[in-house]
Amino acid sequence: MSVGAMLTTTSPGRRTLGRTAAGLLVLACAIALVVLPVVVASAEGTSGAAGAGAGKWTQPAILSGCPGTGAPHVVFPSDSPTHGTGSGAIVWSTSSPCPSGAGVLVAAISPEDVPGQPALPRTATGQAIALRGSIAATPGPYGRIVIAGASAGEGAAPANELLLSEGQAGGPFASPTALGGPASTFAFTTAYLGDVAFASLIDAPSGSVAQPSGGGASSAGAGNEGTGDDDGSGDPGAGDDGGLQLRVQRHHAYRFAAPAQVGAGSTSVQALTVALDYRSDALAVWSAQGSLYARELPATGAPHRVERLGAVGRGPASGARIAAVLSDDDRAIVAWSDRHAGQTSVYVSRSQPGVRFTGPQLIEEFPDPPNLPDYVVSPRLVRLSSESVMLAWTGALDGHWAIRVAAVDLNGVHPPGTLSPPGRDALLADLAPGPNDEALALWTEPLQIATGLDLSSQAIFSARGFDAYPEQAKFAAPELIAPPGPNSEATVALDPDSDRAVAAWRTGTGQLAYAIRAPGAP
């Protein structure tokens, strides 16, 4: 489940990054959240590595020459962290120069984790699933893959309306379901057993105001910051038509349940994420109208009140980048980075039992460098097979972008570690869990030039980390996946059966490349 990065060229001049206050996190949460300190191996095999594919990774290969935009998605359906339920797949969007035209392609992954021939997803009657633009995909129940994207306007759904479809990697896929809202902002997550949560925007009929569903509860007010208390101000964004809805598909179901109203106006939501626990209790977190909000929607019972977690910037070049985890002991952690007035701030908010949040804790703060005005990937948060949780983001160290990791528990955030080599700029691309209590961090290192960073020439690296509970988390030395080149939108996932990793990324003029990592240590 990847988030695309919009990267631009640098402006001339020297970059100045502020000194970090604490850095990135590796959150530990063994259902009740536990300590997970960090140890990082020496940086052998880093920027001076002898070539792509050296060691654990295969040489990069081109999967598709069709250009496209947006990040690819590598997915492996499973019903536990160590048991797959169907073929994995790489899913990505293509543009009009492709022989099949603009749309979505799916390449099923073999038991040896080699991607097969790309194909259009089709229904049982052979009709192509007509999705356009940036798409998203996540594992679903019964070995299925769930895909969401914008309507091409070829059927009953108007162009750019959000559509949802699911099916086996090799097909067939269900006819797309129109969700009644724009494809501009939505979020997926898949839980332990294969449950899926999907949060999206919905447009209310003209002249109406969207009302909450789910047990007949009234709209929740925006709480006082970090307290969950109702301040009487009403539902955030309630003045807008439409709202934010949540759909959940349980691991034993073949379709999504009816949507529940989360409580935000659709025209005001800037960023959105959703978390799901073992019982399919869900936590939606979003930014709107200069604030960050969270709301828990239990699998049974009425939704909890909306809580305001803090202030965030407004406008297309501002706002929050959000990650969240919801534990089975009914606690949650939300981490976000906020860009405002030329400065990036990174926060963590931890809840009390019952998902009632405390005030946000500032973890790191630094001036925005001019060369990355809209870097949107970090932070990233995953749950390990051990039930611990890791979080990573791009921070700052000694005047360079750096991949930062740290531990957090009920007592707060612990001293940070750094995965990327010193003296280099590194940008987080992805963080994915594996079946053996490990996670794989993925990042790019742009070429350094006199004016800053050349984002048209980036190398791709990874590092494997694992939970040495209860004392520490360890990461091996970085591994080179692809040498400097026109690489972007990198993503990765690990096969729950084999522990092999499959990474995919855009290269050249938007073509799709991939590489495979052998299982196991380091």
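Reader: Which residues touch the most other members of the largest nonpolar core?

Author: This is a predicted model, where local features need pLDDT of at least 70, side-chain atom pairs count only at pLDDT 80 or more, and totals for chains, interfaces and linings use all residues. Residues are numbered from 1 along each chain as its sequence is written, and side-chain values use heavy atoms, without hydrogens and water. A nonpolar core is a set of buried (under 20% relative accessible area, 1.4 Å probe, protein chains only) Ala, Val, Leu, Ile, Met, Phe, Trp, Tyr and Cys residues joined through side-chain atoms within 4.5 Å. Among the 21 residues of this core, those touching the most other members are Leu244, Leu246, Val262, Leu272 and Trp286.

Reader: Is Ala197 buried or exposed?

Author: Contact means heavy atoms within 4.5 Å. Beyond four places in sequence, the contacts of Ala197 include Leu246, Val274 and Leu276. Because its relative accessibility is 0%, Ala197 counts as buried.

Reader: Which residue in S16 is the bridge partner of Gln245?

Author: S15 and S16 pair in the antiparallel sense, over two bridges. In S16, the partner of Gln245 is Gln261.

How values were computed
Buried < 20%, exposed > 50% of the residue type's maximum accessible area, 1.4 Å probe, protein only. Pairing = 2+ DSSP bridges. Helix = DSSP H or I, 4+ residues; strand = E, 2+ residues; numbered from the N terminus.
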